[in-house]
Amino acid sequence: MPTGNTMKTLGLLALAGLTPYQEKAGEEYMNEKQMEHFRLLLKAWRDQLRQEVDRTVHHMQDEAANFPDPVDRAAQEEEFSIELRTRDRERKLIKKIEKTLKRIEEDDFGFCDTCGIEIGVRRLEARPTADMCIDCKTLAEIKEKQLQG
């Protein structure tokens with residue numbers, strides 16, 4: 001049974017018109033083909049998010065109405081507030097995608113920032129903006145939980 005991450009990855013790959021990258025035996029990690037695969041994936045994701053931001057702006061302009069009933073007005077304001085929070089998260093994600101695209105251009109993509117090992121093609125397809133291997137990320141989350149509570 002597919003997990004949420006698998007479905008999200010397949011959705012992101014399908015959005016970019018790509019299939020999961022098939023590594024060949026003896027292939028160098030983060031070679032030009034792999035870098036291009038992730039570049040296309042990130043650009044498609046960024047473009048889709050930008051379209052959503054534009055759609056929200058147009059939707060809010062079209063739907064803006066002065067309702068006489070305070071309940072209707074409050075419902076519309078709440079809907080707009082939720083959309084704005086969502087778009088704010090998406091803008092932050094677009095910045096993270098831009099940062100990752102820059103790392104690809106600088107040939108600094110696919111390796112853990114903490115320990116320097118390969119993050120892995122499958123993990124990067126699931127989370128293309130990842131900058132830590134799964135072990136370092138797990139440790140960082142454990143430390144964060146310990147500090148919080």
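Guide: A word on records: UniProt positions are given in the numbering used here, feature names are shortened, and annotations may be inferred rather than shown by experiment. This is a predicted model, where local features need pLDDT of at least 70, side-chain atom pairs count only at pLDDT 80 or more, and totals for chains, interfaces and linings use all residues. Residues are numbered from 1 along each chain as its sequence is written, and side-chain values use heavy atoms, leaving out hydrogens and water.

Visitor: Which residues does UniProt list for "zinc finger region: dksA C4-type"?
Guide: The unreviewed entry lists residues 112-136. That span is 36% helix and 0% strand, with its end C-alpha atoms 8 Å apart. Helices (H or I, at least four residues) and strands (E, at least two) are DSSP runs, numbered from the N terminus.

Visitor: What is a salt bridge?
Guide: Side chains of opposite charge can pair when their charged atoms come close. The rule is a side-chain nitrogen of Lys or Arg within 4 Å of a carboxyl oxygen of Asp or Glu. This structure holds 15 of them. In one, Glu105 meets Arg39 at 3.0 Å, N to O. Glu105 is in helix H3 (residues 70-105) and Arg39 in helix H2 (residues 32-63), so the pair links distant parts of the chain, 66 residues apart.

Visitor: Is Arg39 buried or exposed?
Guide: Buried means under 20% relative accessible area, exposed over 50%, partly exposed in between (1.4 Å probe, protein chains only). Arg39 counts as buried at 11%, while Glu105 is exposed at 56%.
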